[in-house]
Amino acid sequence: MASIPHTVLTSDKVNPAEEISKDGLYQPCDVTLVVKDGEFKAHRKALSEASPFFEKLLNSDMKESKEGVVRLEMFTESVMRNTLEFIYTGNVQILDEDDARDLVVMADYLFVQKLKTLATQILVQKLNTSNCISILRFACEYHCEELLCKTKKSILANFNVLLSTKCEDVLKMSREELAMLISSDELHVSAEEDVLNTILAWINHDKNKRKHHFPELFRYVRLVYISHDFLFSDVVTNDLVRDNEDCIELVEKAVELIDYKSFDTLRHKPRKSLETPVMVTYSRKGDYFTIVGYFPREDRWCKFDEIPVYLINWKRVFFLRDNLYIKKRVELVPYHHESWRLDVTWYNLHSKAWNSMPSVENRDLLELFVYEDEMYALFSKEKVIDSFVCNLYRPFLYKKDRIVLAKYKPDSDSWEDILSTDYLDWRSRFSIVVHDSFIYFVSGKVWSGMYQSKLVNDVDRYDLRRKQWNKLADIQVARERACGAAVNRKIFIAGTQSDMPNVIQLTCEMYSEETNEWQLIKSFNRWTSFQGLLAIDDELYVLEEDVVSRNTFTKLSVACYNAESNVWQLKTELKVTGEMDVHLGGSMTVFQGFLSPSQNILCNKRKKRKCSIM
């Protein structure tokens with residue numbers, strides 16, 4: 001007869017059996033657990049305290065309670081031994097994937113949640129491309145939510161690998177499993193065509209039983225992101241598509257959107273694996289603004305568009321996703337400071353179409369950002385306070401900004417206010433950085449009277465999830481309208497728009513959430529003009545403009561910060577003929593399939609870092 005194995009306990013763990021003995025409640029083993037290849041003696045009290053299953057069974061009028069014998073013959077001696085070790089000690093060593101699976105099944109049957117959690121954590125550690133599909137089914141069957149979430153994430157991230165190495169496993173998936181994967185933005189494929197090819201391969205694996213599922217699965221193919229040639233050569237001609245009117249209609253709509261470049265009206269975004277981040281700059285030369293992007297992953301430049309100057313006020317431009325947002329203040333009553341309207345229009349860089357967003361009154365747009373796939377805006381709402389001062393017998397107006405956080409509602413095309421506060425009091429011209437669920441308000445200027453103001457070092461943070469404010473450590477160098485970015489839970493602030501010495505404008509500070517401290521990092525090149533910071537792919541980039549050569553040409557430099565060596569490493573240079581006013585617009589993600597080869601900016605073959613545009 002097997003006995004409970006001896007376990008080495010850590011200092012803060014106490015064997016439950018020893019505790020029972022200390023209380024004078026010790027009784028000899030009074031329950032026998034019968035398994036497939038053996039049996040174990042155990043204590044009724046210990047089992048009941050650990051498992052709701054045993055508690056109900058052993059404290060009832062049922063046969064098992066009266067006889068003290070519980071038959072669990074669907075389980076092996078090995079899994080029961082490990083289960084009892086956990087019940088008596090609170091710990092167990094799980095050696096391999098099979099042991100972990102067995103313990104999940106046992107823990108699920110006995111309702112021992114802590115053991116189930118421990119075993120699923122081991123399965124997460126054992127995840128790989130060979131077992132992820134089988135673990136996905138296992139997690140669904142035994143309702144392991146955390147395991148299911150992480151397994152799904154692993155499959156989505158490695159879908160290309162699975163198609164080449166575990167194709168048979170993919171083809172044996174159920175319709176529900178396949179639909180769950182191909183409907184996700186996170187599906188990692190080389191091209192949207194791969195999704196359609198996967199569906200066709202899955203159908204053909206058992207065509208007679210599966211072909212009626214094709215129309216449902218076909219809806220998950222984002223046809224507008226498939227090349228025009230592939231649509232006509234492979235999609236339109238496919239028998240499964242031609243035999244279904246709904247499928248034909250979907251293809252016709254996609255062809256129409258592609259032909260007319262109506263990309264601003266798309267229902268679905270491209271898969272994230274098919275998007276690439278880009279640093280966007282815009283510069284005025286003559287009567288046009290030229291919009292140029294640098295792609296860090298591909299290390300190349302691309303010219304997006306030229307827009308007439310009268311359509312854009314360069315100081316009021318935001319870039320988000322693949323759109324350019326422009327704000328314009330319109331006075332409702334001439335010379336009346338308290339009555340005005342803010343209009344926001346946006347321009348899609350691919351479709352070249354203009355659209356408008358809902359206007360707001362008496363508000364200024366400070367920032368646009370995306371949080372949990374929804375668009376948010378930070379507005380400042382001026383509260384004007386009259387202060388009659390005997391200065392030429394005219395009143396002065398003090399302005400106190402109120403911060404308003406609003407969420408855009410696409411269905412109603414409106415802004416919904418979710419926060420309105422004067423927490424920042426008289427402060428303005430601060431730097432705003434959005435990172436995860438936090439909004440940082442860094443430094444800025446405080447007004448104390450007409451023409452009286454001072455820079456402050458204050459840093460405040462608003463938590464979108466908890467809906468609360470926090471005061472953080474002061475920044476070392478006070479600035480106004482500085483540039484900011486966030487990388488790996490660190491906040492970077494640089495530059496200033498005030499009339500401060502150039503040495504201050506070229507400094508950069510880093511804030512660490514772990515230490516709640518600011519520290520100065522490597523400054524920028526003193527011979528360049530700092531244009532802004534951006535975070536792309538967990539890397540910090542800076543755009544600089546060469547001011548020495550500005551009379552004949554403008555040279556833009558992009559550098560990446562190396563935290564280990566505390567240096568800025570040059571990534572690329574772009575030389576533009578003539579004098580230009582250059583500004584860093586921001587970062588966004590674009591679908592590369594929408595970019596034509598003619599938009600690429602040629603670089604020197606010998607010196608790939610050096611590019612030029614006329």
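Which residues in α6 meet which residues in α7? The first legend below takes that up; everything here comes from a predicted model.

**Figure 1. Helices α6 and α7, side by side.** Let's start with the pair from the opening question. On the α6 side, the residues that meet α7 are E97, A100, R101, L103, V104, A107 and D108. Their counterparts in α7 are L115, K116, A119, T120, I122 and L123. Helix α6 covers residues 97-110 and helix α7 covers residues 113-125. The two pack at an angle of about 155°, and their axes are 8 Å apart. Angles over 145 degrees count as roughly antiparallel, so that is the label for α6 and α7. As for handedness, the α6 and α7 crossing is left-handed.

**Figure 2. Helix α8 and the helices packed around its buried residues.** Helix α8 takes in residues 132-141, and its buried residues are C132, I133, I135, L136, F138 and A139. What do these buried residues pack against? The answer is a set of helices: α6 and α7 from the previous view, plus α9 (145-157), α10 (159-165), α11 (167-171) and α12 (175-182). Just after α8 comes H143, with a positive phi of about 55°.

Figure 3. Strand β1 (residues 31-35) pairs with β3 in the parallel sense, over 3 bridges. To find your way along the strands, look for T32, which stands opposite V69 in β3.

**Figure 4. The largest nonpolar core, seen around F214.** How many residues does the largest nonpolar core have? It has 84, and the ones with the most contacts inside it are L33, F214 and F218. Leaving out residues up to four places away in sequence, F214 touches L196, I199, L200, I203, L240, V241 and C247. Another core lies apart from this one; it has 20 residues, among them V280, I312, Y347 and M588.

**Figure 5. C508 in strand β24.** Is C508 buried or exposed? C508 sits in strand β24 (residues 508-512), and its relative accessible area is 0%, so C508 is buried. Not counting residues up to four places away in sequence, C508 touches R479, F492, I493, A494, Q519, L520, I521, K522, F524 and L533. One of these, K522, is 14 residues from C508 along the chain, and the C-alpha atoms of the two are separated by 6.9 Å.

Figure 6. Strand β27 (residues 539-546) is mostly covered, with 7 of its 8 residues buried. β27 pairs with strand β28 (residues 553-562) in the antiparallel sense, over 6 bridges. Within that pairing, Y541 has C560 in β28 as its bridge partner. D538 is in the loop between β26 (528-536) and β27. D538 isn't a glycine, yet it has a positive phi of about 60°. Its relative accessibility is 54%, so D538 counts as exposed.

**Figure 7. E372, in the loop between β11 and β12.** The strands on either side of this loop are β11 (363-371) and β12 (374-387). What is the phi of E372? It is near 50°, a positive value in a residue other than glycine. For context, most residues other than glycine have a negative phi. With 56% relative accessibility, E372 counts as exposed.

**Figure 8. The whole chain, for orientation.** Zooming out, the protein chain has 19 helices and 32 strands. Of its 614 residues, 47% are buried. Among the chain's contacts with a separation of 6 or more, 53% come from residues 24 or more positions apart.

Terms used. Residues numbered from 1 in each chain as written. Predicted model: local features only at pLDDT ≥ 70, side-chain atom pairs only at ≥ 80, totals over all residues. Heavy atoms only, no water. Pairing = 2+ DSSP bridges. Helix = DSSP H or I, 4+ residues; strand = E, 2+ residues; numbered from the N terminus. Core = buried A, V, L, I, M, F, W, Y, C linked by side-chain atoms within 4.5 Å. Buried < 20%, exposed > 50% of the residue type's maximum accessible area, 1.4 Å probe, protein only. Contact = heavy atoms within 4.5 Å. Axes fitted to C-alpha atoms, helices over the stretch in contact; angles between N-to-C directions. Parallel < 35°, antiparallel > 145°, perpendicular 65-115°, else oblique. Left-handed = near helix turned anticlockwise from the far one by under 90°.
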